[in-house]
Amino acid sequence: MNNVFALAGVVIKELYRRKDFYVLFVMIGLITLILGSVNLFNDDEIIRYLKEICLLLIWISSLVMAITTAARQIPAERESRTIFPLLAKPVSRAQLIAGKFMGCWLACGAALVCFYLFYGVIVASREHSFAIIQFLQAIWLHWACLGVVTAMVLLGSVVFTAPSSNATICFIIVVGLLFVGQYLNRIATNIAGIPGTIVHALYFLIPHLEFFDIRNIIIHDWPPVNVFAVAGATLYAALYAFMLLSIAWGIFRRKALTL
Amino acid sequence: MNAVLEIVDLRVEYPSRDLRGQSKLAVNGLNLQVGQGEVFGFLGPNGAGKTTTMNVLLGFVNPTAGSASIFGVDVLKPIARQRIGYLPELTYYYKFLNTEELLRFYAKIFKIPRGERERRIDAVLKLVELEHARKRLIKTYSKGMQQRVGLAQALINDPDLLILDEPTSGLDPLGRMKVREIIQRLKEQGKTVFFSSHELGEVETVCDRVAILHEGKVREEGRVADLIAKHQCNLEQVFLKIVGVPTQST
């Protein structure tokens, strides 16, 4: 674990020395503050729209950050050749993958806390009340979702050599999983024969990222999610992240790295 | 001979990039032994298989057949690299880190205890004369300074075997002299140095033994003085004879 945390530390250092996170945070801040300062149509319920927009921005920003950060990890190491002095040390390829994952996931978690704290301050100042349990559940599940996304992108990064193509492909897949994934079983029932079976199988095979999206609960002040459901979703995310990272390791361990 | 590095019947074949093409045989039945405390020169023309052999020793490429071990441990196991230091030909380090951070990161990988870690960082920075720039980001360094960072990271774990890939390439005469001094000092400490180079004059000065590789096979191996005596010419002419370029008699 020592090597995994050492590698994760370098990933986190790289992220905070780059400007990506600060740009995203300032962008979210500006949009939310502008929206928060106007009271459209003298409607007190406008706060719900504000919450919805703010949470949507947080989701988009966190996905962009997770995908772009994870996509460049291994290809950039290979491109800049920093991978050679690193792997010439007692570091296994499994530790390299695990360290990269840990670094990206922890960095995304830290960014997520900043984004949600900002959201919390804006909402508390407008609503004068705050559903703390739902808020914490939303952060936790969002972070678990980013774990699956990060693992998926790392898998992509050992397959595709160019970070930009990997990021684009992964972004399309993630958006597809979020918006279409949950409807695949319904689509499958309308398709006859083998294609229908394939779509049905796909429904059970893909990670259902929509499980982690509880934005509606905090927007509409609904009661918190059952603690067992949260635990189940966490386990589900851990299982998928582990599976995706294992596949990434399986591909990467056989790859010849030539100077 | 107490072998620090041993290569037995090593064969490395790279698969073809296209479907119809033939695979490329980079190393073909290579056998080599390097003993404790030796400075060993690994020579050969471009494409002879030197880098591929080094890639196998460092775990970057898996052998197609045969085996290689360092201190008796199969190179396929990461722990085989616990006691080695590696200096690549060109500098490839995290440019967003400063030298101190980079060395601390590598020291953590070697599991050097915290107190010892700081002591080692100070010692290697002093050795490569980069103490004054330890807090500067590596991206702001000159090429020579970056090469010295490379040397510092290769020495951070006080290695018993140092693998150097053309260590003086791109260095000015002062830098070359410094590298030679360091190799000499390591030899005096009983460390083993395995290095590839095209600078045959330099090899003649610092190496105890050399192996000349051509088309994936060792064509000649032995003590530098013995090879010179056997062929009745200097190392450069020995090299040219072996790789097939006719030389004028001296």
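**Entry 1, chain A overall.** I checked the radius of gyration first (taken over C-alpha atoms; the globule rule is 2.2 Å times the number of residues to the power 0.38). Chain A has 259 residues, so a compact globule would come near 18 Å, and the 20 Å of chain A agrees with that. I noted that this is a predicted model, in which local features need pLDDT of at least 70, side-chain atom pairs count only at pLDDT 80 or more, and totals for chains, interfaces and linings use all residues. Residues are numbered from 1 along each chain as its sequence is written, and chains are lettered from A and ligands numbered from 1 in the order in which they are written.

I then took the principal axes: the C-alpha trace of chain A spans about 65 × 55 × 30 Å along them. For secondary structure I used DSSP runs, with helices as H or I of at least four residues and strands as E of at least two, numbered from the N terminus. Chain A has 11 helices and 0 strands.

**Entry 2, strands of chain B.** I counted two strands as paired if DSSP finds at least two bridges between them. Strand β1(B), residues 3–14, pairs with β4(B), residues 65–70, in the antiparallel sense over 5 bridges. B:R11 stands opposite B:A65 there. β4(B) is also joined to β5(B), residues 73–74, by 2 bridges, again antiparallel. In that pair B:I70 faces B:V73. β4(B) and β5(B) form a hairpin with 2 residues between them, and I found a positive phi of about 50 degrees at B:F71 in the turn.

I called residues in contact if their C-beta atoms, placed from the backbone, lie within 7 Å. Chain A gives 22 residues and chain B 25 residues. On the side of chain A, α1(A) gives the most, with 7 residues.

α1(A) packs on α2(B), residues 99–109, at about 160 degrees with the axes 9 Å apart. I used lines fitted to C-alpha atoms over the stretch in contact, with angles from 0 to 180 degrees between N-to-C directions. That makes the two helices α1(A) and α2(B) roughly antiparallel, a term for angles over 145 degrees. The residues in contact are A:N2, A:N3, A:A6 and A:V10 of α1(A) with B:F105, B:K108 and B:I109 of α2(B).

Technical notes:
Contact = placed C-beta atoms within 7 Å. Parallel < 35°, antiparallel > 145°, perpendicular 65-115°, else oblique.
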